[in-house]
Amino acid sequence: MQIKRLKLSGFKSFVEPAELRIEPGLTGVVGPNGCGKSNLLEAIRWVMGENSPKSMRSGGMEDVIFAGTATRPPRDFAEVVLQGETADGEELDVTRRIERGAGSAYRVNGRDVRAKDVSLTFADAATGAHSPALVSQGKIAQVIAAKPAERRQMLEEAAGIAGLHVRRRDAEGKLRQTEANLARLEDLMAGLD
Ligand code: ATP
């Protein structure tokens with residue numbers, strides 16, 4: 001899918017409503033240390049349904065709400081809107097909003113939906129909060145320093161085959177269990193002879 005626009009309000013350091021237009025092609029974010037570059041990438045992950053506070057560099061999910069500074073009071077909510085177009089040419093407008101004490105609420109094209117629906121929407125569009133297309137700062141150093149086995153794992157994730165290993169392990173476990181059952185059955189049948 002093509003992300004076209006990102007709107008943030010009260011999300012981390014973006015206390016004032018901010019709107020970014022994202023043009024086709026590769027997008028890089030540059031700026032001085034601490035200006036909010038990583039927060040932007042996190043906003044994209046967050047609106048796509050990221051539910052791990054750790055990957056938002058937060059202790060709890062409400063920590064994404066602007067916490068206030070010496071001169072500005074904290075905000076009560078954070079909202080991120082992602083607008084884009086799917087490969088089928090459909091317009092997609094996804095909103096996630098979190099209020100203190102009230103948790104997260106999602107909307108897709110103006111309709112209230114569940115977190116699961118948002119994850120599925122992005123999975124169908126072949127992207128999502130854990131997509132390898134979102135490259136954070138540390139990730140590049142991680143790829144360079146990775147051992148061959150780790151690099152292979154990253155490539156497998158990018159190729160979308162990482163899930164096959166999980167299914168293979170499951171299948172091997174079932175096979176072993178079935179073999180054990182068969183051996184037991186043979187013992188029982190031998191006892192009947
Ligand atoms: P660097 O280049 O050093 O990695 P960066 O441009 O990626 O920096 P970020 O890490 O995105 O910057 O932003 C960090 C800033 O965001 C810090 O100033 C931090 O105080 C601020 N920040 C993070 N969470 C919140 C919050 N909930 N409320 C207010 N400010 C926040």
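## Naming the elements

Helices, of at least four residues, and strands, of at least two, are DSSP runs numbered from the N terminus. By this naming, Lys-12 is found in the loop between strand 1 and strand 2. The structure described here is a predicted model.

Six strands form an open sheet in the order 2-1-3-4-5-6, and their pairing is antiparallel. Strand 2 (18–21) and strand 6 (111–113) stand at the edges; each has a single partner strand, so one side of each is left without a neighbour in the sheet. From one strand to the next, the twist averages 20 degrees. As a general point, the strands of a sheet pair through backbone hydrogen bonds, in either a parallel or an antiparallel manner.

Individual pairings can be followed residue by residue. Strand 1 and strand 3 run antiparallel and are joined by seven bridges; here Ile-3 stands opposite Gly-84 in strand 3. Four bridges, again in the antiparallel sense, pair strand 1 with strand 2, where Leu-6 stands opposite Leu-20. Towards the other end of the strand order, three bridges join strand 5 (residues 103–108) to strand 6, and these two strands run antiparallel. Arg-107 has Asp-112 of strand 6 as its bridge partner.

## The helices against the sheet

Helix 1 packs on the sheet and touches strand 1 (2–9), strand 3 (77–85) and strand 4 (91–99). The direction of helix 1 makes about 80 degrees with that of strand 3. Within helix 1, Leu-40, Glu-42, Ala-43, Ile-44, Arg-45, Trp-46 and Val-47 are buried, and the buried residues of this helix pack against strand 1, strand 3 and strand 4. Just after helix 1, Gly-49 takes a positive phi of about 110 degrees.

Helix 2 (residues 115–124) lies across strand 4, strand 5 and strand 6. It runs at about 50 degrees to strand 5.

In soluble globular proteins, nonpolar side chains tend to be buried together. The largest nonpolar core of this model has 24 residues, of which Phe-11, Ala-43, Val-47, Val-64, Val-80 and Leu-82 touch the most other members. Strand 1, helix 1, strand 3, strand 4 and helix 2 each supply at least two residues of this core. Helix 1 gives the largest share, five residues.

Leu-82 illustrates how separate parts of the chain meet. Leaving aside residues up to four places away in sequence, Leu-82 touches Ile-3, Leu-6, Ile-44, Val-47 and Val-94.

## Surroundings of the ligand

Fifteen residues are found around the ligand, and Asn-33, Lys-37, Ser-38, Asn-39 and Ala-67 come nearest. This shell divides into four nonpolar, eight polar and three charged residues. Helix 1 (residues 37–47) contributes the largest share of the shell, three residues.

Ala-67 lies in the loop between helix 1 and strand 3. Is Ala-67 buried, exposed or partly exposed? Burial requires 20 or more other C-beta atoms within 10 Å and exposure 12 or fewer; Ala-67 has 14, so it counts as partly exposed. Ala-67 and Ala-43 are 24 residues apart along the chain, and their C-alpha atoms are separated by 16 Å.

Most residues other than glycine have a negative phi. Lys-12 has a positive phi of about 50 degrees although it is not a glycine. Arg-57, which is not a glycine either, also has a positive phi of about 50 degrees. Arg-57 is found in the loop between helix 1 and strand 3.

Ser-104 is found in strand 5. With 17 other C-beta atoms within 10 Å, Ser-104 is partly exposed. Not counting residues up to four places away in sequence, Ser-104 touches Met-61, Arg-96, Arg-97, Ile-98 and Ala-115. The C-alpha atoms of Ser-104 and Ala-78 are separated by 9.4 Å, although the two residues are 26 residues apart along the chain.

Methods: Residues numbered from 1 in each chain as written. Predicted model: local features only at pLDDT ≥ 70, side-chain atom pairs only at ≥ 80, totals over all residues. Near = placed C-beta within 6 Å. Nonpolar A, V, L, I, M, F, W, Y, C, P; charged D, E, K, R; others polar. Pairing = 2+ DSSP bridges. Axes fitted to C-alpha atoms, helices over the stretch in contact; angles between N-to-C directions. Contact = placed C-beta atoms within 7 Å. Core = buried A, V, L, I, M, F, W, Y, C linked by C-beta atoms within 7 Å.
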